[in-house]
Amino acid sequence: MKKIKIYDSTLRDGAQAQGISFTVEDKMKIVKKLDKLGIDYIEAGNPGSNPKDLEFFESVKSYEFKTSKLIAFGSTRRANIQVEDDKNIQSLLSVDTSAIAIFGKSWDFHVIEILKTTLEENLKMIFDTVEYFKKKNKEVVFDAEHFFDGYKENAEYAMKSLKAAVDAGANSICLCDTNGGTFPTDIFNITKKVLDEFGVEVGIHCHNDTGMAVANSIMSVEAGATQVQGTLNGIGERCGNANLCTIIPNLQLKLGCELIPKESIERLTSVAIYISEISNIIHDDRAPYVGRFAFAHKAGMHADAVNKNTNAYEHVSPEKVGNERQFLMSEVAGRSAVLGMINKIDSSIKKDSPETQMVIAKLKELEYDGYQYEAAESSFEIVIRKILGKYEPLFYLENFKVIVNEPTLNGENSSALIKVKVGDSYEITAAEGDGPVNALDKAFRKALEKFYPEIKEMKLMDFKVRVLDSESATAAKVRVLIESTDGEDIWTTIGVSTDIIDASWKALVDSIEYKLIKDKK
Ligand SMILES: [Zn+2]
C-alpha cells in the first residue's frame with residue numbers, strides 16, 4: 001500500500017476564507033481533532049504575521065501531539081539581506097516547531113514583477129533559507145508557489161527553483177497551483193517531470209478555482225506525489241482549497257492508499273461537521289462522503305433498489321466514512337423508504353407487517369396536514385417511535401408564555417416563561433431572546449438542562465419558516481424547520497401550525513427529544 005502523507009492547511013490557508021476567523025481556542029480545538037484523526041502535518045500559520053498567530057504558538061506548546069507534526073509557515077528571506085538578519089525568519093525559528101514550510105517563487109514573472117528582484121537572487125533566497133533551517137535541524141517542506149503557472153511559462157526556471165531547495169536539503173518539495181487554474185492532465189504530466197528530475201518527496205497543493213482541486217490532487221498522486229495538502233471541507237479563499245474530506249476517502253477507499261487509520265476515517269463525517277461548526281459555516285449537505293445528503297435516497301425505485309442491495313445506488317457504503325444511509329420520507333418514496341426508516345428502530349418489522357401499514361397511514365395524514373419529512377427525518381423518527389410504542393416522554397410541558405416587546409431597543413426584544421415537568425419535579429424558567437422563538441428556545445433549554453445536562457452541547461443552526469396555503473390569509477398554516485447540532489451530528493425537525501410560535505414549539509420539542517433519544521442509544 002502506498003503511504004500518502006496528509007498536510008492540513010485549514011488553520012492557515014483555510015483561515016483566509018471569506019467570513020472565517022479562528023480564535024486561539026478555535027485553533028486549539030481544530031489541532032486536537034486533526035491530531036486525533038491521524039493527520040501527518042498541521043500547518044499553523046506564520047508566527048511573524050500577527051499577534052494572534054504568535055499567541056496560538058504559545059498555547060500549543062503545552063499540547064502533546066500523538067500523531068501530527070506542527071508546521072510553522074513563512075516565506076524565503078527578503079531580497080539582498082542575510083538570512084539571519086531577516087525578522088520573519090527569526091520569528092519562524094522562535095516558535096520551536098520541528099518542521100517548517102517555506103514558500104518561495106517559482107514563476108519568473110512573479111520574481112520580476114511582484115518581488116522586484118532578479119531571477120538569480122530569488123534562487124539564492126530559496127537556497128539560503130532552506131539551508132539555514134536545515135542547519136538548525138528542522139524538517140523543511142518547500143512550497144513552490146505558482147509552480148504550475150511558472151512551469152508553463154518558463155519550465156527551466158521553475159525547475160531551477162526546485163533545484164535550489166533540493167540542493168539546500170529540503171525534505172520535500174510541494175508543487176502549488178496557487179491560482180487554481182491548472183487542468184488535471186497538466187498536473188499529472190508536470191508532477192511526473194518533477195519526480196523524474198528529483199529524488200525527494202513531492203507534494204501537491206491545489207486551489208479550487210476551476211472546480212478541480214480534488215481531481216488535480218489525485219492526478220498528482222497518480223503521477224507519484226506522496227504528500228497532499230488541503231483543508232477540511234475545502235475552506236479557503238476564493239473558491240477554496242482541495243477538500244481533504246473528499247481526498248482522504250477517495251485515495252484510501254478507492255485507490256487503496258494508506259492515509260489515516262480505519263477508525264479515523266470512520267469518524268470523518270462527524271469531524272467534518274465539527275469543523276463547519278467551529279468555522280461558523282453551514283455544513284454543505286451535498287458534500288461528497290460527509291454531506292447529509294451524500295447517501296440519501298428519495299425516488300421510490302431508487303430507495304427500493306438500495307433496500308435490496310446497497311450497491312445499487314451507492315458508490316461506497318456510508319459507514320466507511322461515518323455517514324448514514326437515509327431514505328427521504330414522503331408518500332412518493334414508497335413503502336421501502338418507510339421500512340428502511342422503521343428498521344433502524346426495529347429490524348424485525350417487515351414490509352407487510354401491520355406496523356408498516358400504520359406508519360404509512362400516519363405519514364399520509366401528516367403530509368395532508370402540511371408536514372413534509374424529506375428534510376426532517378428526525379421528527380419522523382419520533383413519529384415512528386410513538387407508533388411502535390418505543391417512545392417514552394422525557395418531559396411534559398405545563399405551559400409557556402411569550403412576550404414580545406416593541407419597539408426593539410436592543411437585540412433581545414422578547415422574553416419567555418416556561419414550566420416543565422420531569423418525573424415528579426417541576427421547573428420554571430425565564431429567558432430573553434432575539435425574537436420570540438429564540439427566547440422560548442433559551443427558556444426551554446434552561447428548564448431542561450438541570451435534568452439533561454447533555455442539552456448544553458446542542459444549539460440551533462438554522463430556522464426556516466414557510467407559509468403553506470397563502471390564499472387563506474392570516475389563517476394560513478406555517479411550516480417551521482429547525483436544524484440543530486451538537487457538534488457531532490446535524491438533525492432537522494419540523495412543526496406545522498396556524499400559529500408560528502406553536503409550529504416552532506413543536507419543532508423545538510422534537511429537536512430536544514431527538515437529541516436525548518440519540519444520546520441514549
Ligand atoms: Zn494555497
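I began at Lys 116, which is exposed, with a relative accessible area of 63%. Here exposed means over 50% relative accessible area, buried under 20%, and partly exposed in between, with a 1.4 Å probe and protein chains only. I noted that this is a predicted model, where local features need pLDDT of at least 70, side-chain atom pairs count only at pLDDT 80 or more, and totals for chains, interfaces and linings use all residues. Residues are numbered from 1 along each chain as its sequence is written, and side-chain values use heavy atoms, with hydrogens and water left out.

**Two loops**

I placed Lys 116 in the loop between helix 4 (108–115) and helix 5 (119–135). Helices (H or I, at least four residues) and strands (E, at least two) are DSSP runs, numbered from the N terminus. I read the phi of Lys 116 as near 55°, a positive value in a residue other than glycine. Most residues other than glycine have a negative phi.

I went on to Asn 137. Its loop runs between helix 5 and strand 5 (139–145). Asn 137 also has a positive phi, near 65°. Is Asn 137 buried or exposed? I found Asn 137 exposed, at 71% relative accessible area.

**The zinc ion**

Which residues coordinate the zinc ion? I listed Asp 13 (OD), His 205 (NE2) and His 207 (NE2), at 2.0 to 2.2 Å. Donors are N, O and S atoms within 2.8 Å of the metal (3.2 Å for Na, K and Ca); water is not among the atoms, so sites may look incomplete. Along the chain, the zinc donors follow the spacing D-x191-H-x1-H. I checked the cover on the histidines. His 205 is buried, at 5% relative accessibility. His 207 is buried too, with a relative accessible area of 4%.

**Helix 9 and helix 10**

Two packed helices are described by the angle between their axes and the distance between the axes. I took helix 9 (residues 213–223) and helix 10 (residues 244–254), which pack at about 35° with axes 10 Å apart. Axes are lines fitted to C-alpha atoms, for helices over the stretch in contact, and angles run from 0 to 180 degrees between N-to-C directions.

Which residues meet there? From helix 9 I noted Val 214, Ser 217, Ile 218 and Val 221; from helix 10, Thr 246, Ile 247, Asn 250 and Leu 251. Contact means heavy atoms within 4.5 Å. By class, this contact has five nonpolar, three polar and no charged residues.

I found Val 271 in helix 12 (residues 268–279). Val 271 is buried, with a relative accessible area of 1%. Leaving out residues up to four places away in sequence, Val 271 touches Lys 33 and Leu 37. Val 271 and Lys 33 are 238 residues apart in sequence, but 7.3 Å apart in space, C-alpha to C-alpha.

I then turned to Lys 442, in helix 17 (residues 436–449). Lys 442 counts as partly exposed, at 34% relative accessibility. Lys 442 touches Glu 412, Ala 431, Glu 432 and Gly 433, again not counting residues up to four places away in sequence.

**The whole chain**

The protein chain has 18 helices and 16 strands. Of its 521 residues, 55% count as buried. Its C-alpha atoms fill a box of roughly 75 × 55 × 45 Å, taken along the principal axes.

Notes: Ala, Val, Leu, Ile, Met, Phe, Trp, Tyr, Cys and Pro count as nonpolar, Asp, Glu, Lys and Arg as charged, and the others, Gly among them, as polar.
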